[in-house]
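My entries follow the structure below.

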Amino acid sequence: MRNNDSATTGLLAGVVAFLIWGLAPLYFNQLQDMPAAEILAHRSIWSLGLALIILLFIRKLPDLIATLRDGKKMRMLALTTVLIGSNWLVFIWAINNGHLLDGSLGYYINPLINIILGVLFLGEKLRRLQWLAVALASIGIAYELWQFGRVPVIALFVAGTFALYGLVRKRAPVDSLTGLTIEILYMLPVALIYLVWSDSPTSNLLSNSWELNGLLVLAGPITLIPLLLFTIAARRLNLSSLGFLQYIGPSLMLVVATQALGEPFSEGKLTTFMFVWLGLALYSIDALAQKRKLHLQGKATL
């Protein structure tokens, strides 16, 4: 009974986390008159304040201090800061410049990029369906290049930086909230320098309306709450279940882009998405088959 309750809690936490991530573009679009770098600066500042409060509340500040003293972990987290910071910056820019569809495509591609990174850096071997899944996604990208004369750079950048971020964070044995707090600490000096020297009319909080400042402060919980919920889900659900939940985010982004933000979903763009969706379908089938195989092997050894 307790296991069922734990799985239910994990499922609920995971669904809410990906719902927030999928709907977050609606929030960032409210700040579309601000430069993306300025939004990222505020995201760093307000996220850090909230993260420190949470770490204090859950008595994890000693872990933070211990990590700050660990040179190897700090070097790895410096690299992850560059990856996640650039990912956030480009994604915010994409939302506010009519390219959310590319961001959505990027997060659809992300699981397939993870497969490629597993081969390149972890020595993993691709199974037949995985090869086919990657090939279909590659055909979709090649089609966009042929049809429009351009590579979907934003989609590939978002997918690539997030996949590399996950790969490096796996090598750094730091819990998610502590690691994110240190990453934001790395961003803080750059954020403060930007806001001090920026000539943007909204960089001075004292001259902003309380509504705008309220939206900026909201960047903290919008950043941290889904991450904490995702951590809860990751501890209570198996990887295949979590893998299926991750499609909620880009699917909602697709709806937001086309229905709320008015981005055109052309026939050519639909073709690219369809190849990627087919690849993800094969990826999911392979994941389920592998899970069943491992389950049967486990039963056979009992």
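Entry one. I looked up helix 2 (residues 36–57) and helix 8 (residues 176–197), which pack at an angle of about 140 degrees with their axes 8 Å apart. That angle makes helix 2 oblique to helix 8 (under 35 degrees counts as roughly parallel, over 145 as roughly antiparallel, 65 to 115 as roughly perpendicular and the rest as oblique). Axes are lines fitted to C-alpha atoms, for helices over the stretch in contact, and angles run from 0 to 180 degrees between N-to-C directions. Helices are DSSP runs (H or I, at least four residues) numbered from the N terminus.

I noted that the model is predicted: local features need pLDDT of at least 70, side-chain atom pairs count only at pLDDT 80 or more, and totals for chains, interfaces and linings use all residues. Residues are numbered from 1 along each chain as its sequence is written, and side-chain values use heavy atoms, with hydrogens and water left out.

Entry two. Helix 2 passes helix 8 in a left-handed crossing (the near helix is turned anticlockwise from the far one by less than a right angle; clockwise is right-handed). In the contact (heavy atoms within 4.5 Å) I found, among others, Ala41, Ile45 and Leu48 of helix 2 and Ile184, Leu188 and Tyr194 of helix 8.

I turned to helix 5 (residues 100–122) and helix 7 (residues 153–171), whose axes lie 7 Å apart at an angle of about 45 degrees. Helix 5 is therefore oblique to helix 7. Helix 5 passes helix 7 in a right-handed crossing. The contact residues include Gly106, Ile113 and Phe121 of helix 5 and Ala159, Phe162 and Arg171 of helix 7.

Terms used
Helices (H or I, at least four residues) and strands (E, at least two) are DSSP runs, numbered from the N terminus.
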